[in-house]
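Welcome! Work through the exercises below with the model open beside you, and try each task before you read its solution.

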2 protein chains.
Amino acid sequence: MMTKSGPPDDPEVPLYRRLAARWARLIEGGVFPPGARLPSLRSFGRQMSVSLTTAMEVFRVLEDQGLVEVRPQSGHYVRYRRPLPPAPGRTTGGREPVLISPGDMVMRIFHDAGDASFAPFGAAVPPPEFLPVERLNRILAREVRLRPERTQSYDSIRGFAELRAQIARRMLEAGCAVDPDEVITTNGARHALYLSLQAVTKPGDTVLLETPTYTGFLQILEALRLRALEIATDPRDGICLEALEDALARRPAAACVLVPTFGNPLGHCMPDARRAALAKILMAARVPLIEDDVYGELYFGGTRPRAVKAFDRDGSVLFCSSFSKTIAPGYRVGWVVPGRYVQEVERQKYVTSVATPAPTQMAIAVYLADGGYDRHLRRLRETYQALQARFVAAVTEYFPEGTKMTRPRGGHIVWLELPPGLDSFALYQLARRHRISLAPGPIYSASGGYRNCIRLNYAVRWSDAIDRALRILGGLAGQASRKSRKSGKPASSDRPPIATRPM
Amino acid sequence: MMTKSGPPDDPEVPLYRRLAARWARLIEGGVFPPGARLPSLRSFGRQMSVSLTTAMEVFRVLEDQGLVEVRPQSGHYVRYRRPLPPAPGRTTGGREPVLISPGDMVMRIFHDAGDASFAPFGAAVPPPEFLPVERLNRILAREVRLRPERTQSYDSIRGFAELRAQIARRMLEAGCAVDPDEVITTNGARHALYLSLQAVTKPGDTVLLETPTYTGFLQILEALRLRALEIATDPRDGICLEALEDALARRPAAACVLVPTFGNPLGHCMPDARRAALAKILMAARVPLIEDDVYGELYFGGTRPRAVKAFDRDGSVLFCSSFSKTIAPGYRVGWVVPGRYVQEVERQKYVTSVATPAPTQMAIAVYLADGGYDRHLRRLRETYQALQARFVAAVTEYFPEGTKMTRPRGGHIVWLELPPGLDSFALYQLARRHRISLAPGPIYSASGGYRNCIRLNYAVRWSDAIDRALRILGGLAGQASRKSRKSGKPASSDRPPIATRPM
């Protein structure tokens, strides 16, 4: 490559070729990894002090050399040297609702996320370095000084009024005009989901889910003794509406629970038209939708995807979210906008916890009002988009042939389908010995499916150690894949973590 | 009275008589209300700069005048001028378990507690003035500065380790030697009780309760679709063991849920021998006990009552408590020591809320370690004991004849049995119009009983306005009582807030 570009500092060589050679080195050295976006022509010109014409020449050379590709209306990106892994195909749902026992593996994975010696690809937890730790703490310290009695007295049941007003304001961006009084704060999104399911179901009811689906849903279903019916799902567009309609025609359902925006674990994002159709189908069937939107503000495109709640015409969408992915997981501040179920959810909040803590709610309310949340979110989105590019590059480089992978347009998780026969539990155990955490596919399934799939969290501070961990993980996946091809059966002797029985 | 004592400042009158006259005025002026304890002879002598002999003479005069009474081994107390209301009698339990719907009245009462315009006798909420607001806030502000990332990251599922160590240390005083690892922190005691019941029951199970019983239990039973079976209870010694044994002999029960120490709403405190017997009976029947100890540290005697957990031999007692009555309701920090159910409770905590907030747990941990908690508790106990005396005096003065009343040896609530026929819902509505909050008896019953009873919270800052509110309330109770005697039926047209159906 070097010879093609010519010796970079030879003044005999034209400037644009010398610059191209220097940038080729930056790319090959990993400063701009595969998938990374290069500066715009204008920025490049300014940074390198050259004309726009020269900048264009440089990029043309890099493109000719196969180092860079142009994406229309987006810019120049570093090319992947191997073909990118394709996206996984559409999943298939179950025929009958099942009662489930998700087991405790997810708690072990969560536990590993708190252990700094692990490469934290398992739990979807943002590292503190990405969060406005210092500013938020300063606000908290100030609030307890300014409003001491407020911080220590019981909050009202629905939650801290200023926070609920800020939440209502922000929900406008998701297309939802809600009154602050319709907002109920919770102990994180998990609590919001729990209260919502408790409000709209009774034991034995059937709940409709995407597949694969968020493990938290499966755990709540188990606790509330609900049956899971999984619906086929497209890794790009979300739940299949035809399959959903079929299921609704066959049997009654008490609720549908989805992550329509950067779904967990697939990362899909429903197009607006499908959201509108979804709302219509569920409304016609009188089935409430519990919409989990915790990743909604982490979009890579120019605008925030609209919530399904924006298409809610009769108050049957219970919108749940939290600040755990964007501001402070340790504060445990989430919320629910329960539509027509507001009184029932309020009552369930009182029953489970009386009220939520005051100081943390107050700090987040003030941070949202004037702490620079939008600026912080812009940085966070850029960080995650760049990290996804690095993960895509690493998987392309290091993982065995036949690997498929999602490339979500937001959030901080990717879903990998590894070669058939590979056992993600065995891989989980192997990786753990190398202090690498990951989430095996079957914990996202009510029926133990996705045995050869894994979910990776890329909310990590990039480093050589992370790159090395991905290389090791890819190597382990390759070994496991070769072994499973030879033996013809899964390598692990672990029982699947999901026990099910049809009803 | 004045004439008997002689003119207080006439130097011809002996010193002890002059002092006695001055103190008689203090007592009659309400500085020392009926039931209040006077200074010890030694303190009196020091305060008034007189000899012990003179002090004794003064107290003898006051006693002769009927103003003061001696309680052996305790001291001199201001006498009640009317006979004290007697204690209510033993309650009777139900025959069959019932499913319940406690209704939302308790939420309205909780809501009124946050409204400063109300005389807050309804909810059992301590006013911020009684709590270490300033010191705790200073600690919270310092902790977020010293350990910024710790405050903002997810806590471990079981809870903040330093806090759990402090809790284990304090539980020694209740006679419980528990390992910090057995402690699970929660979002207040309510969350602890919810998780405990969720861990040991399934829908349709029968749960044994005191009667009257804490409304929170009834609400959780409803949410988890459990049946309530109430057991006869003594207002002094707690649940009747014979009635409990009878009930256990008749049918299986999944759990027994009690507040054995300053029970809510009766204020009873089980003697040690009965605690030991209770633990034995339940262990033999293999029925776990959920012990709610939120008032345990608010004892008026010299030593902390032992928990029933102290008599637990096989890990079948789930001990629940919180710092909401003693440090900071708004922080929502509670805990559970679930014995042999520790893994199940941990899992339910994860399912309902992942983890509890970090900053509030950290602040309370540091406050317990070196914030002066014991000194604070001593002051709080004295405050509540003095307030109880004022409430007893006010009820004695202002409430209609036939009123019965508990005089608990700890906590901050009293239970009043008003004349038969009086309707506590009508009284609640009347009182609310006067901006006086109270808790009507039937919300403490699975079967709508205790219609003529009310619970009063005396955790209030005493003032003329509070005294006036008690006088108004007593007057309203008198009117309601006379009206009900005339009409022969309850005055209210309200439906009872508890709907039940036998199973």
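A polar contact is a pair of N or O atoms within 3.5 Å; within protein, one must be able to donate a hydrogen and the other to accept it, and residues adjacent in sequence count only if both atoms are side-chain atoms. This is a predicted model, where local features need pLDDT of at least 70 and side-chain atom pairs count only at pLDDT 80 or more, while totals for chains, interfaces and linings use all residues. Residues are numbered from 1 along each chain as its sequence is written, chains are lettered from A and ligands numbered from 1 in the order in which they are written, and side-chain values use heavy atoms, with hydrogens and water left out.

**Exercise 1. The interface**

Task: Describe how chain B and chain A meet, starting with how many residue pairs are in polar contact across the interface.

Solution: 
- Step 1. There are 27 residue pairs in polar contact across the interface of chain B and chain A, both residues being at pLDDT 80 or more.
- Step 2. On the side of chain B that touches chain A, the residues comprise 29 nonpolar, 17 polar and eleven charged. Here Ala, Val, Leu, Ile, Met, Phe, Trp, Tyr, Cys and Pro count as nonpolar, Asp, Glu, Lys and Arg as charged, and the others, Gly among them, as polar.
- Step 3. Chain B brings 57 residues to the contact and chain A brings 57 residues, where contact means heavy atoms within 4.5 Å.
- Step 4. About 5100 Å² is buried between chain B and chain A, 62% of it on carbon and sulfur atoms. Buried area is the accessible area (1.4 Å probe) that two parts lose on being put together, summed over both.
- Step 5. Phe110(B), Gln152(B) and Tyr154(B) are the residues of chain B that lose the most area to chain A, together 16% of what that side buries.

**Exercise 2. Salt bridges**

Task: How many salt bridges does the rule find over all chains, and what do individual pairs look like?

Solution: 
- Step 1. Start with the rule: a salt bridge is a side-chain nitrogen of Lys or Arg within 4 Å of a carboxyl oxygen of Asp or Glu. It gives 52 salt bridges over all chains.
- Step 2. Look at Arg304(A) and Asp293(A), whose side chains form a salt bridge at 2.9 Å, N to O. Both residues lie in the loop between strand 11 (289–292) and strand 12 (317–322) of chain A, so the pair ties together parts that are eleven residues apart in sequence. (Helices, H or I with at least four residues, and strands, E with at least two, are DSSP runs numbered from the N terminus.)
- Step 3. Check how covered they are: Arg304(A) is buried at 13% relative accessible area, and Asp293(A) is buried at 2%. Buried means under 20% relative accessible area, exposed over 50%, partly exposed in between (1.4 Å probe, protein chains only).
- Step 4. Turn to Arg451(A) and Asp423(A), which form a salt bridge at 3.2 Å, N to O. This pair links distant parts of the chain, 28 residues apart. Arg451(A) is partly exposed at 22%, whereas Asp423(A) is buried at 2%.
- Step 5. In chain B, Lys309(B) and Asp312(B) form a salt bridge with their closest N and O atoms 3.1 Å apart, and both residues are buried.
- Step 6. Finish at the interface of chain B and chain A, where the rule finds four salt bridges. The side chains of Glu222(B) and Arg347(A) meet in a salt bridge at 3.1 Å, N to O.
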